Amino acid sequence: MERKTRVRFAPSPTGPLHIGGVRTALYNYIFAKQQGGDIILRIEDTDSNRFVPGAEEYINQALKWLGISFDEGVKEGGKYGPYRQSERRGIYREYVDRLLEAGKAYIAFDTPEELEAARQNIPNFQYDSKTRGTMRNSLTMPKEDVDKLIADGAQYVVRFKVEPDREVVVDDLIRGEVKVNSNILDDKVLYKSADALPTYHLANIVDDHLMEITHVIRGEEWLPSAPLHVLLYEAFGWKDTMPRFVHLPLLLKPVGNGKLSKRDGDKLGFPVFLLEWKDPKTGEISSGYREKGYLPEAVVNFLALLGWNPGDDTEMMSIEDLIRKFSFEHCSKSGAKFDYKKGIWFNHEYIGKADNERLAKLLEPTLEANGVKVEEGASGKDNRYSPEYVAKAIELVKGRADLVPDLWTQGDFFFKAPQEYAEKDVKKRWSADTPRIMEELIGVLEGIDDMTSANAEKIVLDWIAEKGYHLGNVMNAFRLAVVGACRGPHMFDITELMPKEEVITRIRRAIEKIPAPEN
């Protein structure tokens, strides 16, 4: 009987979730939904020394913002819980004892000093079948001595006993069969008595088995541990229920060689975390995609294409498209360059398609930071504007925005009259005759009852033609007076949205404030 697809994303709460981990979570989610299966969020917090307060909640909030939901987890619950490894101590101890009783593992008492001495004395030292006989462990010590040390409270670890000269085969859905000789594997630590917690190697194997995980989708950096995990499955007699392994390609630096790091983001000005993160120890604040003004669907689309392609030239894909098209056959074996500029392009495209009311809500913090309040029914008085006005302004400028805050940069003039005027535009567009022509324009505008874009444009352009004025000079001076610079969307779209009284007030202010050009 074919098992239901079950995958897990299992981060450690040791800090903010790196964008590489986010992509792993995304691929797990897409694959699970495609297969009609379940995705589990498991918190792997067995390394108590690296635990960072707030990291687990950050992980939950970040993935929620991205749109990844879980079928089971610490918050969601489920019949395979608990889903936080620190709450499963008793479970792991049972499986440690099972390995010890079967002779598949042994107890070691070597101190850090003794291990360091071995590294100094033995070239390329690793704790394995060739060296374990020279170390202080239950394979070299009488049982009564082992029992006494444990009874006296001596600290110890439990190591897996790797048999030499074995070919270990890892069946990977991206890389095919990966064959490794067991001689290169060391006897990994599975359990530490110091904190009564297992290491990653034991805990994730036990949990994957008990939670009936069918596919382990994780980063390439975990590939070296896969042979050991295969041996552990065999040692427990779980070979028939071993999950399929999928090791995703690394995310690489945008420039140069090596794995993508936070330093790369700091240097080139892009985030490597989904949400802003404040380090609880240092107070250092790291930027996040949400706070920078990215839309989650743009980040999803961008990340999905880092190491995978749909088999054609399609770039813009919703999460539903990704679920329908995804296949590990189209995943790359080599690393994927993190093209952050492509991420900005995706965001530009998604902002252009986004609902204006949604963008207006996202822009509200930026508006408030610039002294603009959004209120139902507000008319612009005292810098208070209605949501409808904000949405219409956004519609006019969003095609020029890469990030949400750019909507303010591109359309600030809809909310605040210019206090100064672009010097280069004044020099080029404001002549000695301009104030007189702008006074005439005020009279024309005052006589227009219907300020819709097409109607106002016809009336003004007819007036310019009738007067024989230079079209470009008049319209650019008009724009300079209202906007403060020769930029922005179609001029008559601006004046349709902006109250006519405000347009006229701005022209009068420009006449007063812009100095007459020097001859």
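Colleague: Let's start with Asp-208 and Arg-42: are they buried or exposed?
Modeller: This is a predicted model, so local features need pLDDT of at least 70 and side-chain atom pairs count only at pLDDT 80 or more, while totals for chains, interfaces and linings use all residues. Residues are numbered from 1 along each chain as its sequence is written, and side-chain values use heavy atoms, with hydrogens and water left out. The scale is relative accessible area with a 1.4 Å probe and protein chains only: under 20% is buried, over 50% is exposed, and in between is partly exposed. On that scale, both Asp-208 and Arg-42 are buried.

Colleague: How far apart are the N and O where the side chains of Asp-208 and Arg-42 meet?
Modeller: The two side chains form a salt bridge, meaning a side-chain nitrogen of Lys or Arg within 4 Å of a carboxyl oxygen of Asp or Glu. From N to O, the separation is 2.9 Å.

Colleague: And how many residues apart in sequence are the parts that this pair ties together?
Modeller: Helices (H or I, at least four residues) and strands (E, at least two) are DSSP runs, numbered from the N terminus. Asp-208 lies in helix α6 and Arg-42 in the loop between β2 and α2, so the pair ties together parts whose separation in sequence is 166 residues.

Colleague: Which residue does Lys-262 pair with in a salt bridge?
Modeller: The closest N and O atoms of this salt bridge are 3.1 Å apart. The pair links distant parts of the chain, 22 residues apart, with Lys-262 in helix α8 and its partner in the loop between β13 and β14.

Colleague: What is the volume of the largest cavity?
Modeller: A cavity is a set of points on a 1 Å grid over the protein atoms alone where a 1.4 Å probe fits but cannot get out. Points are joined across faces, edges and corners, and the volume is the space filled by probe spheres set on them. The structure holds one cavity of 30 Å³ or more. Its volume is about 40 Å³.

Colleague: Which helix gives the largest share of that cavity's lining?
Modeller: Lining residues have an atom within 4 Å of a point, and here they include Lys-262, Gly-265 and Asp-266. The largest share of the lining is three residues, and they come from helix α8.

How values were computed
1 Å grid on protein atoms, 1.4 Å probe; cavity = no way out; pocket = protein on both sides within 12 Å on 5 of 7 lines; lining within 4 Å.
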